Structures are given as C-alpha cells and as structure tokens.
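Here is a short briefing for a first look. Keep the sequence and the 3D view open as you read.

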Amino acid sequence: MASSGDEAIEAAAERAESTRGRNLPSFGDLPIPDDTANLREGPNLNDACLALLPLVGVWRGEGEISYPTIDGPRRFAQQLTIAHDGRPFLYHEARSWLLDDDGNVIRPAAREVGWWRPQADDTIELLLTHSSGILELFYGKPRNATSWELGTDAVIRTATAKDVNGAQRLYGLVNNGDLGYVEERAMMGQPMQPHVSAYLRRVAG
C-alpha cells in the first residue's frame, strides 16, 4: 500500500496507462449513446453520479465464497462492469466463475445485473437481479469518497430460488485504486454473516 496520497495517485496513473484505451465493445450504430465504462469516452458522466465516479470501469479479479450451507470456502473469479450512458444511473453487471485450487476454471457461476441510482440526498438505490431467481433492492450511502455501504430493503424470490432473506455489501477502493468488496447474507435459515469477498483490478476505463 502506498505511504502517501501522492504515491497512490502516481500508482493509479501508471495503471491507467494500460487500461485507459479500453472500453466496452460497441457496434457503433445505435441511434442513442452507447454505454461507456471509460470516462474518457462517450457521454459525460451525469452530475448525479459523481459520488460513484471511482466505480466506473471494468474490473477483474478473484475472491472467496464461504457459508455454512455450502462445501467451502470456494475460490472464484469475477468480471464486474459498471458503466453509464450519460443519464443519472450506472449499469452493473457481474459475471463469475468457480476456480480449482490451481486457478483453473471449473464452470461458470453467479451472474447479476442491475442499476445504481444515486439520489439528491446522497442515498444510493441499487437494484440487482440474479440468474438464480433473486431480485434485491439495496439502499445505502457513501461512507467516504471511495467506499459505499448498502443493505437490502426488499428481497423477492422465484418459487425455485434459494431462501434468501437479506444482504449487505461494502465496496471500496483499496491499494492504489483496486476495488475490494465484501458481502454478508442471511439465507437458508442462517443469520446475517460473511458470504463473499473479492479483490478486483481495473482492466478498462
């Protein structure tokens, strides 16, 4: 970890040399603005989203899943995309895949898509839909300029989904601009407790 803010900024700038030219794939023929995960390209970030600006990008890394009801802990990798189209919300997509102890891919795992909707009073609404049949509405606020904490206000499940009752997430920039997050979950008759943690590095934006 850098010993000063100046070192952190310098390290982030060096990393950006390899990511600043990358963005989301685009067909380029839509009559409306494309989503962008690169703040140097596309429409300007809406002022309403400025408190979430550090999250915009494409991130990849690894993490761990652990819970009393699963055989674990399990190792996984993930790509997280947070993008915008100039309007006052951010697009969210996370794709994960399980890894063995040697880092080889076992199979695709969880997927989620949704929207970050910042409000004028600094409240953040995060709507997430999971491929497992769960829909979650989170509310939260920035803890500071580089971390955000959210908890579920409502959880909706399909008839075939797991028994999920609530979740909490904390996202934050760490180690010169990398992104870390932790999630707690109450599900399958268990109380709220740690479930997922991950460490992601920016690969675009």
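At 39% relative accessibility, Trp115 counts as partly exposed. This is a predicted model.

**Aromatic contacts**
- The structure holds four aromatic pairs.
- One of them joins Phe89 and Trp115 in an edge-to-face arrangement. The ring centres lie 5.5 Å apart, with 90° between the planes.
- The pair links distant parts of the chain, as its two residues are 26 residues apart. Phe89 sits in the loop between β2 (74-83) and β3 (90-99). Trp115 belongs to strand β4, residues 105-118.
- Phe89 has 18% relative accessibility, so it counts as buried; the cut-off is under 20%.

**Nonpolar surface patch**
- Three leucines, Leu39, Leu50 and Leu53, form a nonpolar patch on the surface. Together they have about 240 Å² of accessible area.
- Leu53 lies in the loop between α1 (5-19) and β1 (57-65).
- Leu53 is partly exposed, because its relative accessible area is 34%.

- In the model, the span of residues 57-63 is 100% strand and 0% helix.
- The end C-alpha atoms of residues 57-63 are 18 Å apart.

Methods. Residues numbered from 1 in each chain as written. Predicted model: local features only at pLDDT ≥ 70, side-chain atom pairs only at ≥ 80, totals over all residues. Heavy atoms only, no water. Helix = DSSP H or I, 4+ residues; strand = E, 2+ residues; numbered from the N terminus. Phe/Tyr/Trp six-rings, centres within 6.5 Å; stacked < 30°, edge-to-face > 60°. Buried < 20%, exposed > 50% of the residue type's maximum accessible area, 1.4 Å probe, protein only. Patch = residues over 30% accessible without salt bridge, like charges linked within 9 Å, V, L, I, M, F, W, Y side chains within 5 Å. Areas by Shrake-Rupley, 256 points an atom, 1.4 Å probe, with all protein chains shown as cover. Salt bridge = Lys/Arg side-chain N within 4 Å of Asp/Glu carboxyl O.
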